[in-house]
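Subject: Structure handover

Hello,

Please find the structure below, with the sequence. My notes on it follow.

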Amino acid sequence: MPELVTGDAVVLDVQLAQLPMRAVAKLIDAVVQIVFVVLLLFVLCLAAFAVIASKSLDTAWVFAMNLFLVFMIVVGYPVLYETLSRGRTLGKMAMGLRVVAEDGGPIRFRQALIRGLMAVFEIYTLGAAPAVISSLVSAKGKRIGDVFAGTVVINERAEGVRPPLPMPWGLAPWASTLSLARLTPELALLAGQYVRRVRELRPEVAQALEHRIADEIAASISPPPPADMPRGTLIIAVLAERHRREWQRYAEEAARRDALRERRAHALGVAVG
């Protein structure tokens, strides 16, 4: 399995996004961008005709403004989404993909900007051939923008194919009251990899990493953990509770889908009968 190495020399075994999934995600994003461009051009053309009719604005300036705004949609859309949603666009959300730094950390604005600018040349200008060739040649499936930005695209939905961590005895009532909204996927991924690989690390590295992860988790949850709770216990308890809530949400969504299918089947049967 492909690996990412954090700044603490911890190896993360992640599932890198495959080229077909990335292509579908890009297609979804392209459709969204085209819709934005068409709507924007329609509005601008109406405004331009009105202004030009009044002879208060030069046509070359109108064309330059339209070109600039289209460029901002093509580049600004992925840059803005990947920065604010920590590596995801609408297409990547639909396919369960996320852009991360090579060390598994969250993508930064500079990296998102480099990827967005490079996409203009390797995807839109040259017909995506350079991006496809680069992804096929790279061991980590990187397109040219990923190479320059120092990023990779991972498949988040493949990360959960592991047995869940057990909840430490007696902590389930406390964990059930926690607010985990500020616990980022990147921190949860790093914490989970640490717990599963702690025995492979040198003691001093394991201790330093445990301190850092536990402190970040403590700052991300509410209410804060008891002062006497061991750091390792805190990490496991929070991860176990996060996993429980994810599976509960998936089960509720599956139940709603099944109920919807049953209602549709019943309605169809009534209509046919």
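The count comes to 10 salt bridges, taking a salt bridge as a side-chain nitrogen of Lys or Arg within 4 Å of a carboxyl oxygen of Asp or Glu. Before the details, the conventions: this is a predicted model, so local features need pLDDT of at least 70 and side-chain atom pairs count only at pLDDT 80 or more, while totals for chains, interfaces and linings use all residues. Residues are numbered from 1 along each chain as its sequence is written, and side-chain values use heavy atoms, with hydrogens and water left out.

Side chains of opposite charge can pair when their charged atoms come close. One of the salt bridges is between Arg22 and Asp146, at 2.9 Å from N to O. Arg22 belongs to helix H1 (residues 19-53) and Asp146 to helix H6 (residues 144-149), so this pair ties together parts that are 124 residues apart in sequence. Helices here are DSSP runs of H or I with at least four residues, strands are runs of E with at least two, and both are numbered from the N terminus. Arg22 and Asp146 are both buried; buried means under 20% relative accessible area, exposed over 50%, and partly exposed in between, with a 1.4 Å probe and protein chains only.

Asp146 also forms a salt bridge with Arg115, at 2.7 Å from N to O. Here Asp146 is in helix H6 and Arg115 in helix H4, so the two parts tied together are 31 residues apart in sequence. Arg115 in turn meets Glu82 in a salt bridge of 2.8 Å, N to O. That pair links distant parts of the chain, with Glu82 in helix H2 and Arg115 in helix H4, 33 residues apart. Glu82 counts as buried because its relative accessibility is 2%, and Arg115 is buried with a relative accessible area of 3%.

Is Asp146 buried or exposed, and which is Arg115? Asp146 and Arg115 are both buried. Through shared partners, salt bridges join Arg22, Glu82, Lys92, Arg115 and Asp146 into one network.

Strands S3 and S4

Strand S4 (residues 151-155) is mostly covered, with five of its five residues buried. Both faces are covered: Thr151, Val153 and Asn155 are buried on one side, and Val152 and Ile154 on the other. Strand S3 (residues 97-101) runs antiparallel to S4, and five bridges join the two. Strands are taken to pair if DSSP finds at least two bridges between them. Leu97 has Asn155 of S4 as its bridge partner.

Surface patch

Which residues form a nonpolar patch on the surface? They are Phe68, Phe71, Met72, Phe109, Leu113 and Leu117, which together have about 550 Å² of accessible area. Helix H2 (59-84) and helix H4 (109-125) are the elements that give two or more residues to the patch. Patches are made of residues with over 30% relative accessible area and no salt bridge; like charges are joined within 9 Å, and nonpolar side chains (Val, Leu, Ile, Met, Phe, Trp, Tyr) within 5 Å. Accessible areas come from the Shrake-Rupley method with a 1.4 Å probe, and for residues only the protein chains shown count as cover. Leu113, in helix H4, counts as partly exposed because its relative accessibility is 31%.

Backbone geometry

Most residues other than glycine have a negative phi, and most peptide bonds are trans.

- Arg86 is not a glycine but has a positive phi of about 60°. Arg86 sits in the loop between H2 and helix H3 (90-95), and counts as partly exposed at 32% relative accessibility.
- Ala128 also has a positive phi, near 75°, in a residue other than glycine. The loop between H4 and helix H5 (129-137) holds Ala128, which is partly exposed with a relative accessible area of 25%.
- Ser222 and Pro223 are joined by a cis peptide bond, with omega about 0°. Pro223 lies in the loop between helix H9 (203-220) and helix H10 (231-272).

Ile221

Ile221 is in the loop between H9 and H10. With a relative accessible area of 5%, Ile221 is buried. Leaving out residues up to four places away in sequence, Ile221 touches Trp174, Leu178, Ser179, Leu180, Leu234 and Val238, where contact means heavy atoms within 4.5 Å. The C-alpha atoms of Ile221 and Leu180 are separated by 5.4 Å, and the two residues are 41 residues apart along the chain.

Regards
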